[in-house]
Amino acid sequence: MLLRDGRVIDGGRVTDETDVRVDPETGRIVSVGDLDPNRHERVVDLSGKTVTPGLVDAHVHFSLSGERSVEDVVALSTPQLTLVEARNARKTLEAGVTGVRVMGARDIDVVLKQAVGAGDVPGPRMVANCRSITITGGHGHHMGREIDGADDARRAVREQVKRGADFIKFMTTGGVTTPGSDPGAVALTDEELHALVDESHRRGVHTATHAHGAEGIKAAIRAGVDTVEHGTFLDDEAVDLFLEHDVTLVPTLSAPYHISRNTEAATREDVSKVDFVYDRHLESFRKAVDAGVTIAGGTDAGTPFNYHGGNASEIQFMAQHGMDPIDAIRAMTETAADAIGLEGCGVVEPDAHADLLVFDDDPLSDLTVLNDPSAVLKGGRVVSGSVPEN
Ligand SMILES: [Zn+2]
């Protein structure tokens, strides 16, 4: 299949009138450039349209659906939650997100990943884990794995790798959405952090930490964590540590935004915590952008009022608060794919998966265009919308 004459946004560059050849058998891109159609090849005319890689969201929760409180979800049985997750995976793909790193719950996500990979359930390509690791009673304990001590930390990592986890996520600090949890406070000890990271790396999987307060962020980076989620209260020392250890920040600006826009419906505790963190969060994000920290787009989709399918808003928020629009797109395609280890995703180049979005209008002049692709292709197949027929 030859996608002809589209305007391609990829790798922080724009190339006009570019042809992309896709092998329908492998679902991968064969070549990109000025190409002539082969005999009998299907040709799709994309002149006047824009093509980007499918979006890659480095932080989603398929177990959550934007409920006001996580306590609404805890009541669901595991069979119910499994179906909820499958629905959220489909909504995410249809919105143009062709790759995600999903923060697991109750060991469902590693199974969902297999079903999506086999083509049984529609969804994006997934980097999945089983459940977040937290101290007993800590942030996310409702659906997490509670640990106490370094030996238990290693055991928790081994359990998840055994079940198929691609990465390990742990809660270094408290959080916004768990009642009674203080986002600024450090929860895990240095011994536990070291054990979690060391054991993960020994088992060949990467690590992500939920972290709001600066002390927790710094402790996790010193322990060797690979990605920091939220990064709400960054100080200069924390920014230096990101650069020195080449750690990726996943700022999830969508999460506090949606709570702050729904103060009537949100829980009182969430509102008071978000009032406290949101401005500082934006300030920290700008500080990280200015310093040149590697930033990957991630929405925290599923958290209160942060619905699956609205993922592209994160690109608008990143651009609104200090990133160039084209860099913000790159952060939620190529950079996110690199950060989460999703091979062959987030780029329009030979051998990459033909995971592509087509837009009638130009996303660079209006980033809200990204909310509504006219076609979503995964592995060279149109999975949502349509491309012009000749
Ligand atoms: Zn999250």
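Reader: For the labels, helices (H or I, at least four residues) and strands (E, at least two) are DSSP runs, numbered from the N terminus. What kind of model is this?

Author: This is a predicted model, where local features need pLDDT of at least 70 and side-chain atom pairs count only at pLDDT 80 or more, while totals for chains, interfaces and linings use all residues. Residues are numbered from 1 along each chain as its sequence is written, and side-chain values use heavy atoms, with hydrogens and water left out.

Reader: OK, the metal. Which protein donors does the zinc ion have?

Author: H59 and H61, each through NE2, and D300 through OD, lying 2.1 Å from the zinc ion. Donors here are N, O and S atoms within 2.8 Å of the metal (3.2 Å for Na, K and Ca), and sites may look incomplete because water is not among the atoms.

Reader: How are the donor residues spaced in sequence?

Author: The pattern is H-x1-H-x238-D. H61 and D300 link distant parts of the chain, 239 residues apart. H61 is in the loop between β6 (55-60) and α1 (71-74), and D300 is in the loop between α9 (268-291) and α10 (313-320).

Reader: Is H61 buried or exposed, and what about D300?

Author: H61 and D300 are both buried. Buried means under 20% relative accessible area, exposed over 50%, and partly exposed in between (1.4 Å probe, protein chains only).

Reader: Changing topic: how many disulfides?

Author: Zero in the whole structure, counting a disulfide as a pair of cysteine sulfur atoms within 2.5 Å. As for cysteines, C130 is buried at a relative accessible area of 0%, and C345 is buried at 9%.

Reader: Now the voids. How many cavities of 30 Å³ or more?

Author: The search of the whole structure finds two. On a 1 Å grid over the protein atoms alone, a cavity is a set of points where a 1.4 Å probe fits but cannot get out; a pocket is an open set with protein on both sides within 12 Å along at least five of seven lines; lining residues have an atom within 4 Å of a point. Points are joined across faces, edges and corners, and a volume is the space filled by probe spheres set on them.

Reader: What lies nearest the centre of the largest cavity?

Author: H61, L64, H139, T177 and T303, out of 37 lining residues. H61 is also one of the zinc donors. The largest cavity holds about 510 Å³ of space. β11 (167-171), α8 (254-260) and α9 each supply at least two residues of its lining.

Reader: What is its lining by class?

Author: The largest cavity has 14 nonpolar, 20 polar and three charged lining residues. Ala, Val, Leu, Ile, Met, Phe, Trp, Tyr, Cys and Pro count as nonpolar, Asp, Glu, Lys and Arg as charged, and the others, Gly among them, as polar.

Reader: And which residues line the second largest cavity?

Author: I9, D10, G11, G12, P53, I326, I329, R330 and T333. The second largest cavity has a volume of about 40 Å³, and α11 gives the largest share of its lining, three residues.

Reader: Last one: where does the lining of the largest pocket come from?

Author: At least three residues come from each of domain 1 (2-53 + 346-385) and domain 2 (55-340), with bounds from an automatic or database domain assignment. The largest pocket has a volume of about 240 Å³. Of its 13 lining residues, L93, P122, K378, R381 and V383 lie nearest the centre.
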